[in-house]
Amino acid sequence: MFLWAGSKATDGRSERRPVYGKSREYDVLDKKKTVTALKAGEDRAILLGLGMVVLSVMMYFVLGITILRSYADRVWTDETSCTVVNSTIVCDVNCSYSCGTECWGSSRYPCLQVFVSLNSSGKVVRLLHNAETQDIDAECFYIPKCRRDYAATHVVVQNISERLRSQHTVQCFVDPTDRMDSAILTQMYGRGAVFHSLFWPTCTLIGGIIIIAMVKLNQYLSIICEQVSRIKR
């Protein structure tokens, strides 16, 4: 009986071993799953950070060509007070508008000429809406969108002329070097546009760098913790 009991006890111990072995296997599997999930999350975070960095560089490139370059090349930089001397529609200018796919129609728009007197110097110059108007047609103050309905366009331009007459005095921008014998009413890109064109790409770039740095720091601390735990064992 002693031998039989001993063999039975031995069998019991042999049956318990697989139980402990299975629990250890489960712990290893759970640890591997956790490590895999953390690694996948870290990879996504790094991709997000890299995407933000690439996006900020593209924004710098695009905005640098459009806004910053136009702001640096601007001619009318000095702001002054202008008194409206004359604001009249002098003639009609031919234009073309799109009426569909590969279809163009002919129309006209009234040319509004505005002359102002610079209060700083007393010089009378032509007033333009913005710098783009100078490149399209330097004779007209405002270039409306070409439409089929000439009467509607004429009403819009006439309202602008009456508004300028009623204001009498407006703020305008002039060329400090006197190379341009005209003034503009509004700047296409001011300091506010330049600020926003630099602020948001910079925020995106800093955010991407912070995300990447936090992930790398987390990985570094994980390696240190693992090394410390191995030393304690």
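Trainee: Let me start with Val124. Which residues does Val124 touch, not counting those up to four places away in sequence?
Mentor: Leaving those out, Val124 touches Phe115, Val116 and Ser117. Keep in mind that this is a predicted model.

Trainee: Noted. Where does Val124 lie?
Mentor: Val124 is in strand β3.

Trainee: Let's switch to the cysteines. How many disulfides are there?
Mentor: The count is 3 disulfides. In general, a disulfide is a covalent bond between the sulfur atoms of two cysteines.

Trainee: What is Cys82 joined to?
Mentor: Cys82 is joined to Cys172, with an S to S distance of 1.6 Å in the model. The two ends are distant in the chain: Cys82 is in strand β1 and Cys172 in strand β4, 90 residues apart.

Trainee: Are those two buried or exposed?
Mentor: Cys82 counts as buried because its relative accessibility is 0%. Cys172 is buried too, with a relative accessible area of 0%.

Trainee: OK, what about Cys95, which cysteine does Cys95 pair with?
Mentor: Cys95 forms a disulfide with Cys146, and their sulfur atoms are 2.1 Å apart. Cys95 lies in strand β1 and Cys146 in the loop between α2 and α3, so this pair ties together parts 51 residues apart in sequence.

Trainee: Is that link left-handed or right-handed?
Mentor: The link of Cys95 and Cys146 is right-handed, with 75° about the S-S bond. Both cysteines are buried.

Trainee: Then there's Cys111. What does a disulfide join Cys111 to?
Mentor: To Cys140, with 2.0 Å from S to S. Cys111 sits in strand β2 and Cys140 in the loop between α2 and α3, 29 residues apart.

Trainee: Why is the disulfide of Cys111 and Cys140 left-handed?
Mentor: Because the torsion about its S-S bond is about -115°. As for burial, Cys111 has 2% relative accessibility and counts as buried, and Cys140 is buried at 0%.

Trainee: How accessible are Asp92 and Arg108?
Mentor: Asp92 is partly exposed at 32% relative accessibility, and Arg108 is partly exposed at 36%.

Trainee: And which residue does Glu139 meet in a salt bridge?
Mentor: Glu139 meets Arg126, at 3.4 Å from N to O. Glu139 is in the loop between α2 and α3 and Arg126 in strand β3, so the pair ties together parts 13 residues apart in sequence. Glu139 is partly exposed, with a relative accessible area of 41%.

Trainee: Now the inside. Which residues touch the most other members of the largest nonpolar core?
Mentor: Val114, Val116, Leu127 and Phe141, out of 16 residues in that core. β1, β2, β3, α3 and β4 each supply at least two residues, and β2 gives the largest share, 4 residues.

Trainee: What does Phe141 touch?
Mentor: Not counting residues up to four places away in sequence, its contacts include Leu112, Val114, Leu127, Ile160, Leu164 and Leu185.

Trainee: Last one, the surface. Which residues form a nonpolar patch there?
Mentor: Among them are Ile206, Met214, Tyr220 and Val228, and the whole patch has about 740 Å² of accessible area. Val228 is in helix α4, residues 191-232, and counts as partly exposed at 40% relative accessibility.

Notes. Residues numbered from 1 in each chain as written. Predicted model: local features only at pLDDT ≥ 70, side-chain atom pairs only at ≥ 80, totals over all residues. Heavy atoms only, no water. Patch = residues over 30% accessible without salt bridge, like charges linked within 9 Å, V, L, I, M, F, W, Y side chains within 5 Å. Areas by Shrake-Rupley, 256 points an atom, 1.4 Å probe, with all protein chains shown as cover. Salt bridge = Lys/Arg side-chain N within 4 Å of Asp/Glu carboxyl O. Buried < 20%, exposed > 50% of the residue type's maximum accessible area, 1.4 Å probe, protein only. Core = buried A, V, L, I, M, F, W, Y, C linked by side-chain atoms within 4.5 Å. Contact = heavy atoms within 4.5 Å. Disulfide = S-S within 2.5 Å.
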